[in-house]
Amino acid sequence: MGCCDSPGLMPIEQALETMLANIKPIQTTLKLPLADALGYVLAKELLSPIFVPPFDNSAMDGYAIRLADLQQSTTLPLAGKSFAGLPFEGPWPANSCVRIMTGAKIPAGCDAVIMQEQTTENENGICFLQPNAKPQQNIRPTGDDIKQGDVVLHKGARLTSRDIPMIATLGISHVTVFRKPKVAFFSTGDELKPLGEPLAEGQIYDSNRYGIKPLIENFGCEAVDLGIIADCPATLKATFDKAQHLADVVITSGGVSVGEADYTKDILQELGEIGFWKLAIKPGKPFAFGTLDHAWFCGLPGNPVSAVLTLYVLVQPMLAKLAGHTQWKAPESIPAITKNAFKKSPGRTDYQRGIYTIENGQFVVETTGNQSSGAFRSMSLANCFVVLEQDRGRVEVGETVNIQLFNPSLY
């Protein structure tokens, strides 16, 4: 990669293409207990070793019957009971029925289950009020959900809280997954102060690390927080060197603009290589991507909204590829009608914070208000991004725009 210092801003589509073209997925695998595998990415296809359910079972509390018996009489004596885990196993006399509970094994010869609400009991046995039962009524056949040998999850699937219990139904105790990418991150700037300490003149609290860490973890990566690093070239260089030996990716917040105390660019040129530096995105123009000797590097802008936005839009797909998460998808764009005007100048793709609702089956969207890159309240209020194209100008009330609903990583 070469350093992109030429005039002009790189479109975000080109930036994403460049980043993803260079990233190679991690190949290291682990065999983990299922209980510890949430959020990991499968390293191979998961095949079912059994049928689910493993036997024909009842979908209802009721009575197991043979249709031929029911044609002889609508009242049948009780021959026994079948409970979940305690099936009916004795001889089943002709012209009788078996009491059965939901999930219990179907007795041999049974071809229908009548729900208990359609029966009454008298001194002669069970009276069936609706004798015209259909074959296999209320019977869940073997393998109705999953058949033995089925591919239940593909390689590259990230395990969710819905997948884990499904895998457990197969009796699988361990799964083979890819190692999670490790991401080291830190904030830069003499103006930053840790939470809980009083602010001196000109200082602000470091909020960015509190946005970066949960997003990294929600992306399925291991986060390594290196804290706040002062604007000192020697300290920054030492921190970069430490970070690249700890992690697969190093992420910084701040220090990537053009201020006199922004040393990150010079240090990166010494320790690695810069792929690109400025993007046609708003907020978040001073976003950097490149390599260190032992890690990838992403430099986020210092403004809080810019940091979260670029992490979400640009770094998230990169980390998904690094993790081997081949089933990751970018948020879908949905057309929506504007309820208010949106200020916009041509030149950069603008991700404004919005609140969508659905009215009469149509998506509509309004602004959260202050769209400054330092106003994080707008992110807290939003439930979508209003994505205004690079060449687009001001948007008036009633125009159609594209919105991207937040994916689960932002919740």
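Visitor: How many disulfides does a search of the whole structure find?

Guide: It finds 0. Bear in mind that this is a predicted model. To read this feature, look at the distance between cysteine sulfurs: a disulfide needs them within 2.5 Å. Here, the sulfur of Cys 221 has its closest cysteine sulfur in Cys 298, 11 Å away, so that is too far for a bond.

Visitor: Are Cys 221 and Cys 298 buried or exposed?

Guide: For that, check the relative accessible area; under 20% counts as buried. Cys 221 is at 4%, so it is buried. Cys 298 is buried too, with a value of 0%.

Visitor: What about cores? Which residues touch the most other members of the largest nonpolar core?

Guide: Think of a core as buried nonpolar residues joined through their side chains. The largest one here has 42 residues, and Ile 251 and Phe 287 touch the most other members. Several elements supply at least two residues each, among them helix 1 (12-22), strand 15 and strand 19 (249-253). Helix 7 gives the largest share, 12 residues. At least three residues come from each of domain 1 (12-28 + 180-323) and domain 4 (333-405).

Visitor: Which residues is Ile 251 in contact with, leaving aside neighbours within four places in sequence?

Guide: Its partners include Val 183, Phe 185, Ile 216, Leu 311 and Val 315.

Visitor: How do I read a polar residue? Where does Asp 206 lie, for instance?

Guide: Asp 206 sits in the loop between strand 17 (204-205) and helix 4 (208-218). Its relative accessible area is 2%, so Asp 206 is buried. Its side chain makes a polar contact with the side chain of Ser 187, at 3.0 Å. Beyond residues up to four places away in sequence, Asp 206 also touches Leu 192, Lys 193, Leu 195 and Ile 228.

Key: Residues numbered from 1 in each chain as written. Predicted model: local features only at pLDDT ≥ 70, side-chain atom pairs only at ≥ 80, totals over all residues. Heavy atoms only, no water. Helix = DSSP H or I, 4+ residues; strand = E, 2+ residues; numbered from the N terminus. Buried < 20%, exposed > 50% of the residue type's maximum accessible area, 1.4 Å probe, protein only. Polar contact = N/O pair within 3.5 Å; in protein donor to acceptor, adjacent residues only side chain to side chain. Contact = heavy atoms within 4.5 Å. Core = buried A, V, L, I, M, F, W, Y, C linked by side-chain atoms within 4.5 Å. Domains from an automatic or database assignment.
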